[in-house]
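Open the model in your viewer and keep the selection tool at hand. The stops below say what to select next and what is there.

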Amino acid sequence: MNDILHIIDKQRAFFKSQKTKDLEYRLSLLKTLKVEIFANEQVVLDALNKDFKKSGFEGYLSEFGLVITELDLAIKNLKKWVKPKRIKASLLTFPSKDYIYQEPYGSILIMAPWNYPFLLAMEPLIMAIAAGNTVVLKPSELTTNTSNVISAIIKKVFPKEVAMPVEGGVEISTQLLAQKWDYIFFTGSTKVGKIVAEAAAKHLTPVTLELGGKSPCIIDDSIDLKLVARRLVWGKLLNGGQTCIAPDYIIVKSTVKDKLIEVLKAEIIKRYGHNPKESPDFPRIINERNTQRLAELLKNTNVVFGGEIDKNDCYIAPTIVDEPDLNSKLMQDEIFGPILPILTYDNEDNIAHIIWNLDKPLSLYVFSTQTAFIEQTIKKYSFGGGVINDLLIHFGNYRLPFGGVGASGMGNYHGKYGFTTFSNQKPIMKRGNWYDPSFRYPPYKGKMSLLKTIFKYFG
Ligand code: NAD
């Protein structure tokens, strides 16, 4: 730990030298990072495959490609982003020119999870560096192969005083969280998010918490169920269901439930075969502990498809559970695996009863062609973000902010939002000196009515 403390001190001193505020310096770091990441494309994809049998296609689609997009975006736009933004002045403060300066916070701690281990470590790193900060990054200890690659890339590209990987588990995380940071960016579970928030509060350190939860997917009877099944099976089974914004459970109109289950079964077989264990495209559960956790969730439930478990291979088959009890662990905990519970509704109160029984989710999905039903649903419930008639893909548009609300997180990032997250928005008013009416200065006697008029018309 002494080494880490030494590095943190060095990073603080380096930040004070103002070097990280230099635009060209930041750009040169990002460009070097891009070269190094490109050089390691296959190494990254292989590491993801070694960690949990993630296919090269999924690795590129859901991690590598998105990192490159973010990096390109930062390199292309940084010059524009760092400029102080001119803001319309107020007549109350006339004469002035008003601006928002983008100020790097300083020392940033980034903590990443294992489920998209490359993306969720690299993406915040890119924007933290673009914004002119120094970074200590702790990748997940559960995906050792990918974490080793991340560490090697960071060590090769960045001087230690700018960015440094620190590998380790809970003990190291706890030690890191005990330090005073200028900003903490955490992606992981709601449970650990609370630990992070508590540690940050001791130093009044601002945080972004990218957490999880139970994201519902509502399906009415107006939509083509084959299309729903295609998108749903993809969205649920990508990464073996270990996606923070995966549809956790379904709420389907009761009249079409049986049909939905039939088309879902057919779609799973079409994509992954009769034995998904043999499919090169179906990832494994991250470890034995989580496989066991998922097996426990299935106990005493009505499995209507799948259900096969091989703990030695960390394999859980794509599984459909019909009408689980709302009080069961399956319907209380975030599932984070290839298990899809199906609940039904007859009226909108049934939907509210299910969703309001749980914390605010990270995502919500609605499949319907009924505009009124869609609008009412997305306005009625509070959630981090969502998609109408598809799943997950809101994550892919960097022009949309990505983050949770309530128990699913606070703050957001992606694209320019990431740059803003890692920048203190510093308002600066540049006052003109050529006009200085005596009105605001004492004595105030006789000025009240004019003051009220000014607020009424110019405030
Ligand atoms: P996790 O909370 O167990 O771990 C995340 C990080 O916290 C890791 O680096 C880990 O080392 C550290 N950590 C674990 N226990 C700790 C403790 N007691 N004290 C301090 N640090 C600790 O999460 P995970 O299992 O790696 O990831 C899965 C969770 O992350 C799911 O809940 C998922 O929904 C969520 N997630 C959210 C997003 C998002 O963008 N909102 C993305 C991916 C995953």
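Start by selecting Val 82, which has its place in helix α4. Helices here are DSSP runs of H or I with at least four residues, strands are runs of E with at least two, and both are numbered from the N terminus. The model is predicted, so local features need pLDDT of at least 70 and side-chain atom pairs count only at pLDDT 80 or more, while totals for chains, interfaces and linings use all residues. Residues are numbered from 1 along each chain as its sequence is written, and side-chain values use heavy atoms, with hydrogens and water left out.

Val 82 is partly exposed, at a relative accessible area of 23%. On this scale, buried means under 20% relative accessible area, exposed means over 50%, and partly exposed lies in between, with a 1.4 Å probe and protein chains only. Now show what surrounds Val 82: apart from its neighbours within four places in sequence, Val 82 is in contact with Leu 23, Arg 26 and Phe 419. Contact means heavy atoms within 4.5 Å.

**Two helix pairs**

Select helix α4 (residues 56–82) together with helix α5 (residues 119–130); they pack at an angle of about 5°, and their axes are 9 Å apart. Axes are lines fitted to C-alpha atoms, for helices over the stretch in contact, and angles run from 0 to 180 degrees between N-to-C directions. α4 and α5 are therefore roughly parallel to each other. Angles under 35 degrees count as roughly parallel, over 145 as roughly antiparallel, 65 to 115 as roughly perpendicular, and the rest as oblique. Show side chains where the two helices meet: among them are Leu 66, Leu 78 and Trp 81 in α4, and Met 122, Ile 126 and Met 127 in α5. The residues of this contact of α4 with α5 divide into 11 nonpolar, one polar and three charged. Ala, Val, Leu, Ile, Met, Phe, Trp, Tyr, Cys and Pro count as nonpolar, Asp, Glu, Lys and Arg as charged, and the others, Gly among them, as polar.

Next, select helix α3 (residues 41–52) and helix α6 (residues 144–157), which pack at an angle of about 155° with axes 7 Å apart. That makes α3 roughly antiparallel to α6. Val 43, Val 44, Ala 47, Leu 48, Lys 50 and Asp 51 of α3 make the contact with Thr 144, Asn 145, Thr 146, Val 149 and Ile 153 of α6. Sorted by kind, the residues of the contact of α3 with α6 are six nonpolar, three polar and two charged.

**Aromatic rings**

A search of the whole structure finds 19 aromatic pairs. Select Tyr 105 and Tyr 183, a tilted pair at 4.8 Å centre to centre with 45° between the planes. Rings of Phe, Tyr and Trp (its six-membered ring) pair if their centres lie within 6.5 Å; planes under 30 degrees apart count as stacked, over 60 as edge-to-face, and the rest as tilted. Tyr 105 lies in the loop between β2 (96–104) and β3 (107–111) and Tyr 183 in strand β6 (residues 183–187), so the pair ties together parts that are 78 residues apart in sequence. Tyr 105 is partly exposed, with a relative accessible area of 25%, whereas Tyr 183 is buried, at 7%.

**Backbone stops**

Most residues other than glycine have a negative phi, and most peptide bonds are trans. Select Phe 94 and Pro 95, where the peptide bond is cis, with omega near 0°. Pro 95 is in the loop between β1 (85–87) and β2. Go on to Pro 442 and Pro 443, where the peptide bond is also cis, with omega near 0°. Pro 443 is in the loop between β18 (423–431) and α16 (448–458).

Select Asn 239 next: its phi is near 60°, a positive value in a residue other than glycine. Asn 239 is in the loop between α9 (225–237) and β9 (249–253), and counts as buried at 0% relative accessibility.
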